[in-house]
Amino acid sequence: MSTANIKRVKSSEIELKDKLVAINRVTKVTKGGRTFSFSAIVVVGNENGVVGHGLGKAKEVTSAIAKGIDDAKKNLIKVPIVNGTVPHSQYGKYAGAKILLKPASSGTGVIAGGAMRAVLESVGVTDVLAKSQGSSNPHNVVKATLDALTQMRDARSVSQQRGIPMQRVFNG
């Protein structure tokens, strides 16, 4: 994962919407009986190119979700979006989860599975073709999707990085 493309964003400056990806009930067996706790994976975004994910753990569902939202606001990234879709095809990987994102024409919609859909809708992508290959673990799918999104580059950033005019980026 290239760290040069990751643009950190402060959560205080923008209006964020949160989406719950998954809740997991965890049981700890002690001599006094079973103790239940919950872990929640949450994705936050402003639906305009900013997204982040977080994990919250607590004895109650509501406080686990609240902790997840707070965690997600701490690691926001900026993602380039071109006409409601991703700028180019991109492969993302995290642990056993592998995902593929492809740009789609206007009107296609978000063609993606559960955990991936939450991330793509939060970032503000309206048209995309996505395929999850490998693990369907929501933790890893969310992280693989964010891996793919952090590798996305739009034409302007490519031309600045290479020091060439915009025409040359498209013409080769």
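Trainee: Before the sheet is discussed, what must be found for two strands to pair?

Mentor: The model considered here is predicted. In it, strands are DSSP runs. Two strands pair if DSSP finds, between them, at least two bridges.

Trainee: In which sense do S6 and S8 pair, parallel or antiparallel?

Mentor: One of the bridges places Lys 98 with its partner Gln 133 in S8. Seven bridges join S6 and S8, and their sense is antiparallel.

Trainee: In which sense do S7 and S8 pair, and over how many bridges?

Mentor: Strand S7 covers residues 110–111. Val 110 stands opposite Val 128 in S8, and Ile 111 stands opposite Leu 129 in S8. The pairing is in the parallel sense, and the number of bridges is two.

Trainee: Which element gives the most residues to the largest nonpolar core?

Mentor: This core has 25 residues, and those touching the most other members are Val 51, Leu 101, Met 116, Leu 120 and Leu 149. At least two residues come from each of strand S6 (97–103), helix H2 (114–123), strand S8 (128–134) and helix H3 (138–150). With six residues, the element that gives the most is H3.

Trainee: How many residues make up the other core, which lies apart from it?

Mentor: Among the members of this other core are Leu 16, Val 42, Ala 72 and Leu 76. The number of its residues is seven.

Trainee: Why is H2 described as largely enclosed by the rest of the structure?

Mentor: The buried residues in H2 are Ala 115, Met 116, Ala 118, Val 119, Leu 120, Ser 122 and Val 123. Just after the helix, Gly 124 takes a positive phi of about 105°. H2 is largely enclosed because, of its 10 residues, the number buried is seven.

Trainee: Which residues are linked with Glu 121 in a network of salt bridges?

Mentor: Glu 121 forms a salt bridge with Arg 117, with the closest N and O atoms 3.4 Å apart; both residues lie in helix H2, about one turn of the helix apart. The side chains of Lys 19 and Glu 121 also meet in a salt bridge, at 3.6 Å from N to O. Lys 19 lies in strand S1 and Glu 121 in helix H2, so this pair ties together parts that are 102 residues apart in sequence. The residues linked with Glu 121 in the network are Lys 19 and Arg 117.

Trainee: Is Arg 117 buried, partly exposed or exposed?

Mentor: Buried means under 20% relative accessible area, and exposed means over 50%. The relative accessible area of Arg 117 is 32%, so Arg 117 is partly exposed.

Trainee: Which residue forms a salt bridge with Lys 17?

Mentor: The whole structure holds three salt bridges. In this one, the closest N and O atoms are 3.4 Å apart. Lys 17 is in strand S1 (residues 17–30), and its partner is in the loop between strand S2 (33–45) and strand S3 (50–58), 30 residues apart. The partner is Glu 47.

Trainee: Which backbone nitrogens does the side chain of Asp 127 approach?

Mentor: Asp 127 is in the loop between H2 and S8. Asp 127 is buried yet has no salt bridge, and the nearest side chain of opposite charge, that of Arg 117, is 10 Å away. Its contacts include Ala 104, Ser 105 and Ser 106. At 3.1 Å from its side chain lies the backbone nitrogen of Gly 107, and at 3.1 Å the side chain also reaches the backbone nitrogen of Thr 108.

Definitions and conventions:
Residues numbered from 1 in each chain as written. Predicted model: local features only at pLDDT ≥ 70, side-chain atom pairs only at ≥ 80, totals over all residues. Heavy atoms only, no water. Core = buried A, V, L, I, M, F, W, Y, C linked by side-chain atoms within 4.5 Å. Buried < 20%, exposed > 50% of the residue type's maximum accessible area, 1.4 Å probe, protein only. Helix = DSSP H or I, 4+ residues; strand = E, 2+ residues; numbered from the N terminus. Lys, Arg positive; Asp, Glu negative; His and termini not counted. Salt bridge = Lys/Arg side-chain N within 4 Å of Asp/Glu carboxyl O. Polar contact = N/O pair within 3.5 Å; in protein donor to acceptor, adjacent residues only side chain to side chain. Contact = heavy atoms within 4.5 Å. Lists of a residue's contacts leave out its neighbours within four places in sequence.
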